[in-house]
Amino acid sequence: MGTEIVRFDALTRVVHWLMAALVVTALVAGAGMVHWWGESAALRTLHMTVGVGVLVFALVRVVNRVLRRGPGAFARLGPVERWLAGASEILMYALLLAQPLIGWAMVSASGGEVQLAGGVELPALVPADWQLYERLRPLHTYFGYALLAVFTAHICAIAFHALVLRDGLLSRMLFGRKRVAPVRASVDE
């Protein structure tokens, strides 16, 4: 006898993996502008375009999460692990929403244009204000590091479940053929 692995719906899985790619791209482009390559117009446009993509998909994910319940938590998760998973999910959503908004406000406060790929220009989120820019710039950096930390913790937790616990947690977000996982016999049987 076996049990079928329960997965998130297709929309959730597609948006999840697109978001992962966008977040990695935004973090690399942002770090590249600050630490490695310098701020070029092309890299800045890429970073802002991807950041707006993160914001849009984060809004879709939040609405989807509210409207559709995901697969239930595995019985093997203890109360502390369940709390950590819930808290990290909330923190991740908060950062995915806040970070692009802070970046948009920062560029607006600098008096610069929020220019996206294809020549799309977004309206200023806040009026030009150099003092506000000076407060938002480090905040955007700190939130970037926080997002990197939470994103990395998420990947490490999933890797632990996939490689050590082998409990099928990762399967909930994968595509392909559904596999039937064997039910382990309990000691009492």
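Author: Start with helix H3. This is a predicted model, and H3 has 32 residues. At 1.5 Å a residue, they should span 46 Å.

Reader: How do you know that the span of H3 agrees with what 32 residues should give?

Author: Set the two values side by side. The expected span is 1.5 Å times one less than the number of residues. For H3 that gives 46 Å, and the end C-alpha atoms are 46 Å apart, so the two agree.

Reader: What comes after H3?

Author: Gly111 follows H3, and its phi is positive, near 90°.

Reader: What makes the phi of Arg166 worth a look?

Author: Its phi is positive, about 50°, although Arg166 is not a glycine. Most residues other than glycine have a negative phi. Arg166 sits in the loop between H4 and strand E4 (180-182).

Reader: Why is Arg166 called exposed?

Author: Its relative accessible area is 64%. Exposed means over 50%. Arg166 is therefore exposed.

Reader: How do you know the span of helix H2 agrees as well?

Author: H2 covers residues 41-67, which is 27 residues. They should span 39 Å at 1.5 Å a residue. The end C-alpha atoms of H2 are 39 Å apart, so the values agree.

Reader: Which residues of H2 are called buried?

Author: Buried means under 20% relative accessible area. In H2 the buried residues include Leu43, His47, Met48, Val50, Gly51, Gly53 and Val54. Arg61 and Asn64 are also among them.

Reader: What do the buried residues of H2 pack against?

Author: They pack against H1, helix H3 (79-110), strand E2 (114-115) and helix H4 (130-165).

Reader: How many helices and strands does the protein have?

Author: Four helices and four strands. From the N terminus on, they run β-α-α-α-β-β-α-β. Buried residues make up 31% of the 189 residues.

Reader: What makes up the largest nonpolar core?

Author: A nonpolar core joins buried nonpolar residues through side-chain atoms within 4.5 Å. The largest one has 15 residues. Met19, Val23, Val50, Val54, Met92, Leu96 and Leu147 have the most contacts inside it. H1, H2, H3 and H4 each supply at least two residues of this core. H1 gives the most, with six residues.

Reader: Which residues is Met19 in contact with, leaving aside its neighbours within four places in sequence?

Author: Val54, Phe57, Ala58, Arg61 and Leu96.

Reader: Why is the pair of Arg68 and Asp9 called a salt bridge?

Author: The cut-off between nitrogen and carboxyl oxygen is 4 Å. The closest N and O atoms of Arg68 and Asp9 are 2.7 Å apart. That is within the cut-off, so the pair is a salt bridge. Arg68 is in the loop between H2 and H3, and Asp9 is in the loop between strand E1 (2-4) and H1. The two are 59 residues apart, so the pair links distant parts of the chain.

Reader: What makes Glu89 and Arg65 a salt bridge?

Author: Their closest N and O atoms are 2.6 Å apart. The limit is 4 Å, so the pair qualifies. Glu89 lies in helix H3 and Arg65 in helix H2, so the pair ties together parts that are 24 residues apart in sequence. The count comes to two salt bridges.

Reader: Which residues make the nonpolar surface patch?

Author: Val14, Trp17, Leu18, Leu174 and Phe175 make a patch of about 430 Å². Patch residues need over 30% relative accessible area. Val14, in helix H1 (residues 10-36), has 39% relative accessibility. Val14 therefore clears that cut-off, yet counts as partly exposed.

Definitions and conventions:
Residues are numbered from 1 along each chain as its sequence is written. This is a predicted model: local features need pLDDT of at least 70, side-chain atom pairs count only at pLDDT 80 or more; totals for chains, interfaces and linings use all residues. Side-chain values use heavy atoms; hydrogens and water are left out. Patches are made of residues with over 30% relative accessible area and no salt bridge: like charges are joined within 9 Å, nonpolar side chains (Val, Leu, Ile, Met, Phe, Trp, Tyr) within 5 Å. Accessible areas come from the Shrake-Rupley method with a 1.4 Å probe; for residues, only the protein chains shown count as cover. A salt bridge is a side-chain nitrogen of Lys or Arg within 4 Å of a carboxyl oxygen of Asp or Glu. Buried means under 20% relative accessible area, exposed over 50%, partly exposed in between (1.4 Å probe, protein chains only). Contact means heavy atoms within 4.5 Å.
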